[in-house]
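Biologist: Could you take me through this model? I would like to discuss the sheets and then the core.

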Amino acid sequence: MSAQRACSASELEMDTPLRVELDGVAIAIVRDSNDEIHAIGDRCTHGDISLSEGFVEGETLECWAHGSRFSLITGQPLNLPAYEPVPVYVVQIDGDDVLIDPTVLKEV
Ligand code: FES
């Protein structure tokens, strides 16, 4: 499989996650305050909660349900109750297109 268009970069508001589904895989795309674009699995590993409904702070995305914060860089939870990481996807930018292959995880 190859990278496919997930959204346009210009529609990503800073610190406002966007949920997309690629081949049935839910992904939260975030433009952080450093203007970096990240893509992580959009399901908290503590419960069936969409992380894209959470809060961005720096390079983290916080689950609104119980407050676990996940690194947008590594996918690792930084505090309990979640203790398992979420997947992190490779993001490619082509013009205004954000491209992601939902089968390719970033090496962290
Ligand atoms: S469901 Fe996300 S921290 Fe509990």
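Biologist: What kind of model is it, and how are residues numbered?

Modeller: It is a predicted model, in which local features need pLDDT of at least 70 and side-chain atom pairs count only at pLDDT 80 or more, while totals for chains, interfaces and linings use all residues. Residues are numbered from 1 along each chain as its sequence is written.

Biologist: Which strand order does the sheet with β1 have?

Modeller: The order is β1-β9-β8, in an open sheet of three strands with antiparallel pairing. Strands are DSSP runs (E, at least two residues), numbered from the N terminus, and two of them pair if DSSP finds at least two bridges between them.

Biologist: Which strands are at its edges?

Modeller: β1 (4-8) and β8 (89-94) are the edge strands, each pairing on one side only. From one strand to the next, the twist averages 35°, with axes fitted to C-alpha atoms and angles taken from 0 to 180 degrees between N-to-C directions.

Biologist: How many bridges join β1 to β9?

Modeller: Four bridges join β1 to β9 (residues 97-105), and the two run antiparallel. C7 has V98 in β9 as its bridge partner.

Biologist: Now the sheet with β2. Why is one side of β2 left without a neighbour?

Modeller: That open sheet of three strands has the order β2-β3-β4, again with antiparallel pairing. β2 (18-22) and β4 (37-41) stand at the edges with a single partner strand each, so one side of each has no neighbour in the sheet. Between β2 and β3 (residues 25-31) there are five bridges, and V20 has I27 in β3 as its bridge partner.

Biologist: Where does UniProt place the Rieske domain?

Modeller: The unreviewed UniProt entry places "domain: Rieske" at residues 4-100; such annotations may be inferred rather than shown by experiment. That span is 0% helix and 42% strand, and its end C-alpha atoms lie 5 Å apart.

Biologist: Which residues touch the most other members of the largest nonpolar core?

Modeller: They are I40, L51 and L61, in a core of 21 residues. Such a core joins buried Ala, Val, Leu, Ile, Met, Phe, Trp, Tyr and Cys residues through C-beta atoms within 7 Å, where buried means 20 or more other C-beta atoms within 10 Å of the residue's own.

Biologist: Which element gives the largest share?

Modeller: β3 does, with four residues. The elements giving two or more residues are β3, β4, β8 and β9.

Biologist: And what is L61 in contact with?

Modeller: Leaving aside neighbours within four places in sequence, the contacts of L61 (C-beta atoms within 7 Å) include P17, A28, I40, L51 and F70.

Key
A residue is buried if 20 or more other C-beta atoms lie within 10 Å of its own, exposed if 12 or fewer, and partly exposed in between; C-beta atoms are placed from the backbone. Two residues are in contact if their C-beta atoms, placed from the backbone, lie within 7 Å.
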